Structures are given as structure tokens and as C-alpha cells.
Amino acid sequence: MLSRKLRCLALVAGITAGFSVSVSAQSTNIRIGGLATLDGPFVALGQEAFRAMELAFEEANYTAGGRKIEWIKESSDGRPDVALTKARKLIEQDKVDILIGPMSGGEGLAIKEYAKTAPTRTFVNGFSAAQETTLVSPAPNFFRFGADGAQWQAGLGNYVYDTKGYRNVAVVAGDYSFGYTQVLGFMSEFCAKGGKVIEKIWVPNGTKDFSSAIARIPNKADAVYIMMGGADSINFLTQYDQSGAKQPLILGSNVSDQTVLSAKGPFQRRLVGLPSAHMVADGIEDAVYKDYVAKYKKRFPDGLSSPSAPFYGYYVATKAVLAGLNQVAGDLSGDQAKFRAALSKLRLDMPAGQVSLDENRQAIANIYVTEVARAPDGSLFNKVVKVIPNVNQTLGHPREAFIARGVPSRDNPSCP
Amino acid sequence: MKLLLLATLNGITLAALYFIVASGFTLIFGMMRVVNLAHGSLYLIGAYLGHDVAALSGSFPLALAGGALGAALVGMAIHYFLLDRYQGDDLRQALITIGLSIIAADLLLARYGGLSYQFELPEMFYGSMPMPIVSGYPIFRIVLIGLAIAVYLGLWLLVQRTRFGIMIRAGVDDRHMLGALGVNVPLISTLVFGLGAALVGFAGVVGSASLSIAPGEDARYLLSSLVVVIVGGMGSLPGAAIGALLIGLAEQIGLAYFPTYSIILSFVIMVAVLAWRPYGLMGRPA
């Protein structure tokens, strides 16, 4: 009896000893969680995200502010509930100090709400770009160093109205918060010019057979604006091509991304010359940017033909975290207050231009209007046709007036 | 009118694909009572292998054969080494196949990466053919209907009209008696499993030629096969055909007229069928 009690005690002692070791390890190392999608339709984007974090950490030699960095990865499948579960696991079980992620629009909204319940940690957005995440009731410990989906479309509406001469456009887009955000960004310029969006077709995320959505595109549309993520957009492009439809396309940001352009298939021949816009473009003619591409190609020889937008998003986020940690010399005391103050004031010189934050901790950054072109080696890339400098979240409108227009949704905005 | 006609055509062609995927599933379940939850992984394996064969040989028929053969070999290995020894132990077999599907998904991601792949179809199958009212329709989707009908007839003939089919059916009814008559029952089971796997591998190549191959497709097709087979009745070939038609039409007509709710529609059909006929439309109590 006694011996059993003793053994029990010894066991407890052993466990506590183990705990104290891990606690002391925590106080010297900074634990950073990475959340991206290695399941579901955004797998290619998730791989890019983790490559980006890896490169940024390696460049810093896994240290920041004089402290070692421990990197813990988790995968979601693009759904908000899964992202939330994984974020909880990182924060509550792995006890990360800083979380970088998530990937997709709806996930971002869920993580922002969760951030409010974990005020002692800092959340830095990866690539999710729904507008409400930072525009409406933002979390004080949630930072987004990438532009949102509406910002990404700055300049595109004017470009297709003025240069391409489109007047009536039909929209086929993913039925989720990021889809609404992108369409709002496109429409706010296009409708202001006097263009009409005559039909909006929302397709559920993860749709693989778009043929009935394609059948609904009205004949009198001059062009079709499309926005869906990852593998879905490749299915759409193929089926659109096979259906014999003739109308030209306007590409939402995810459709012109390298994760789509690098995919192999007969749909590729339809892409050349199609306009799009994003916070980064692989055709940027700038020494800093070319250096960044060279680093990517050297480090990831089995990667894409040039770094994708999700790579850029996670890279900027990780660089921002490292810069913030360096400024406060790794001091995360006082519930990370100093670190957060440093993050808010950062001005980062990134490969696609300078990034700074507004009062909601949302990025102000350059946007690139592009057209898909073929490089001499046969690969597709986005040729820059116009740069819109320092686009803010309200797209240049006064904040109150912009918020009063309402959050993006299936029916907002509307100009039939 | 044009939209309704197009949506119906799309529904039928999607149903053709669902049927080819689900026929292998229902064959394996109906004949051996194995709920093979790695069915989606076999789809993906067939699709990727078919893609490799097409890239090497440049021939689409060879890709179809390669995808089917590769999936069949993997399927037979799974059955021979892992499932056969637990014959009749449903829960254990289900858990083994779930485990296998998770391992396969990660291995395929490591080997093929996250990007989507597509086939270069032969010129004669690519593009659209002229048609009344709807003006043009993708040729390959019409080919899909023909393939599904061929699979249906082939399976029906095999099971109902051949000696091998008689042995399969006898094995379902009384495994031990069949063994006592001198038939190598484990071999028959492994062959049937291989046939089911070959069908889904074939479907993988066909499906990725009309849509695309990407990680995550395994779960989608496993789910669609489950829904189709549950609606149609486990183990029934005509049931799988009817279930595939119902689900395919529901998805496409839903996508055309009320896209937001199109996903729910398939499950509403499933619930309604289960409430009315708990064993599925053509199913019998096991």
C-alpha cells in the first residue's frame, strides 16, 4: 500500500519536474505558431505559406531580439471552425506567444473574434483578406500587414472600363466573405465610372462542377469577372473553355495567382492578356523584387516558377513579427504591450513596396494592376500595367462614409 | 428553357461520373460487406498514376488503363495484407481504411504537391459540339455518359452472366460452403476488391480529365459515393445508378437556380430517402 503511494508520488514528482523544464524553456525561447491550409481546396497556398515562414526564419537564423525562435505548424482546411480549433490548440496547448495565420477569409473572421478572448497573445494575419476582419470592431491584438481583398482590386475597375471598354459585366464568385470583399473592391470603381454589373452568380466554396453556373452567364455581358480560390478556379477555367463561351474574363486576385498560373492544363491558353490586380505581381521590374524572386528560386527549387501571393502574405507577416521582436529586444513582458506598440508603428520596406498600418492595424500598401503574359521560358506571369500607390482600406474614401455603405455581402454593393 | 436543359444535361453527366466512382464502392460493399473508406484515396491514386502515364506516353487510353491497373494493384494489396484477416469485423475494417486514407493523402501530397493537375485530352474530345437549343456542349461530358453506360453493362454481365459472377454471388450468401466446394474464396475476395479499385481508379482518370486532380478530391468523392450508395441502396448496381442520377441532378439544378442551398439539397434527398426507405431506394436488409 505504502509502496504504491510512494510510486504514485514519484510519478507526480516526475511529471512536475517535466513541467518545470518546459516552463523554463518557454521563458528563453519565443514560440511562434504558423497556421495555414495543408488540407482542402487551398493546399497549394498552404505549402507556399509554410515555405514563406521557413525562408523568413532562416534569414533571421531562427533568432529575434536575441532570443531563439521555436516554430510550431498547424494545418486547417480553409473552414473557419477548423481554423479556430487549430488556433486554440496552438494558443492553449502549445502556448505560442505569437500566432501567424490564417489563410482564408472566413477563417480570418473567426480568428479575429478568438483573438479578443486571448488578449495576452499577439495575432498576425497570414493571407486572409475579408474586409470586416479589421474594418468592423477590430481586435486590439490582431494585426494585418497585407492589404484586404477590396484593396487588392484597386485600379482594376477603372482599367477595364477605360482601357478594355467593358460596360456590362457578369460576376461569378465564391460564396464567402473573401468573395464578397473582392467583388466590392472591383465594383466600387467600376460602378462609380458608370459600369453595370448585370448578374452576380455566387457559387459555394468547393464546387467542382461549374457548368450550370457558366450556363447562367447572360449573353449581353461584355466580360465576366471571376473569383474563386485555388483548385476551384482551375476547374472553372477548364469548363469555361470547354463550354465554348466567348466572353473575355476579368480575374479576381486568387485566379491570377501563381498557384493557378503554374498548374498544368489546356485552360492555360485562355489566360494570356487577362486583367487582374493584387498586392504583389510577379512582373514587378525592380531590383529588390528580383532579388526576392531569386532567393525563393534558390531556396525552393521544387517550388513554383515565382513566389505566389500567399507566399508574399506570410513572408511579410513573418518579417513584421521579426522586426517587431528585434525592436523590443525580444521583450514580451507586460502581456506583450511593448511588442504590440512596436508592431503598430512599423514601416516595412518589402519587395512589393512599403507597408504601414492604419489605426485599426490594417495595412496600407501598393496595389498592382496586371495582365497575364507569357515569359520567354513558356511560364505565365502577371505583367504590371499600372501601380496604385499606398491604397488604404477605405479605398481613399472618408472612413465614416465608407463604413456607412455597409459590409460586403451577396447584395452589397449593387449596380445592375 | 435553355438553362433548365443545360442544368439537366450537366446533372446527367455529373451523375455518370458519380456512378462510375460509386459502382466500385457498392461492388465492394455489396459483395464483401467491407465499408472501404479508402475509396477516395484509390480515386486519387488512379488519377495521379493516370496522369503520370499520360505524361510519359502521351496517350489517353493508356492513361485510363494505367490508372485502373495501378489502383487495382494497390486495392488488392490493401485487401490481401490488411482487410482479409478481419473479414466480418466491420468496425476494424472501417478504422483501417480511414487510417490508410489519411496516410495516402499525405504521401500523395508529398509526391505530387498541392497544385492541380489536368489532362491534355485528345483533340477530338476537347472543346464543344454543336447541339440544338443549348448551341454547344462539351464533347467529353457526352463521352462520360457513354463510359458510365458501358461500366454498368459490363458489371451487370460480369455478375449475372459469368462463372466468376456466380462465384461472387455464392460467396456473399455462404462463404464457408463455397470454400468447401473447392473454390479459393480469399482469392475471389481479393479479385473483387481489385475490380472495385480498378473501377474507381478508372473513374479517377475520367474525373480528372473532365474536372481536375488536386489534394482533397479523395474526401469529396468518398462523400459523394457514400451519399449515392446510401440513397440508392448498399450493394445494388441499379440503386447506384439511380442514386447517382438523383444526386447529380440535384447538385446541378441547385447550382443553376439556388446556388447557396445546392449543397444542402443532396443531404435533404438523403434524409428523405432514409426516412421513407431506410435501406435506400433499391436496397434490401443486409
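## A hairpin and its neighbouring strand

In this predicted model, A:Gly65 has a positive phi near 55° and belongs to the hairpin of β2(A) and β3(A), where two residues lie between the strands. Strand β2 covers residues 63–64 of chain A and pairs with β3(A) in the antiparallel sense, over two bridges. Within this pairing, A:Ala64 stands opposite A:Arg67 of β3(A).

Strand β3 of chain A, residues 67–76, also pairs with strand β1 of chain A, residues 30–37. Here the sense is parallel, and the pairing runs over eight bridges. Which residue of β3(A) is the bridge partner of A:Ile32? The partner is A:Trp71. In a regular strand, side chains alternate between the two faces of the sheet.

## Two domains in chain A

Chain A is divided into two domains, each made of two segments: domain 1 takes in 10–148 and 288–351, and domain 2 takes in 151–282 and 367–404. The C-alpha centres of domain 1 and domain 2 of chain A are 28 Å apart.

The two domains touch: 24 residues of domain 1 of chain A are in contact with 27 residues of domain 2 of chain A. On the domain 1 side, α2, α4 (105–116), α5 (132–135) and α12 (309–327) of chain A each supply at least two residues. By class, the residues on this side of domain 1 of chain A are 12 nonpolar, nine polar and three charged.

## A loop residue, A:Lys220

A:Lys220 sits in the loop between α8 and β9 (223–227) of chain A. Is A:Lys220 buried or exposed? A:Lys220 has 11 other C-beta atoms within 10 Å, and a residue with 12 or fewer counts as exposed, so A:Lys220 is exposed.

Leaving aside residues up to four places away in sequence, A:Lys220 touches A:Asn168 and A:Ile198. A:Asn168 is 52 residues from A:Lys220 in sequence, while their C-alpha atoms are 7.4 Å apart in space.

## Where chain A meets chain B

How many residues of chain A are in contact with chain B? There are 33 on chain A, and they are in contact with 32 residues of chain B. On the chain A side, α2 (43–59), β8 (196–203), α8 (211–215) and α9 (230–242) each supply at least two residues. The largest share of this side, five residues, comes from α9(A).

Sorted by class, the side of chain A that touches chain B has 13 nonpolar, 14 polar and six charged residues.

Note on methods
Residues are numbered from 1 along each chain as its sequence is written. Chains are lettered from A and ligands numbered from 1 in the order in which they are written. This is a predicted model: local features need pLDDT of at least 70, side-chain atom pairs count only at pLDDT 80 or more; totals for chains, interfaces and linings use all residues. Two residues are in contact if their C-beta atoms, placed from the backbone, lie within 7 Å. Helices (H or I, at least four residues) and strands (E, at least two) are DSSP runs, numbered from the N terminus. Ala, Val, Leu, Ile, Met, Phe, Trp, Tyr, Cys and Pro count as nonpolar, Asp, Glu, Lys and Arg as charged, and the others, Gly among them, as polar. Two strands pair if DSSP finds at least two bridges between them. A residue is buried if 20 or more other C-beta atoms lie within 10 Å of its own, exposed if 12 or fewer, and partly exposed in between; C-beta atoms are placed from the backbone. Domain bounds come from an automatic or database domain assignment.
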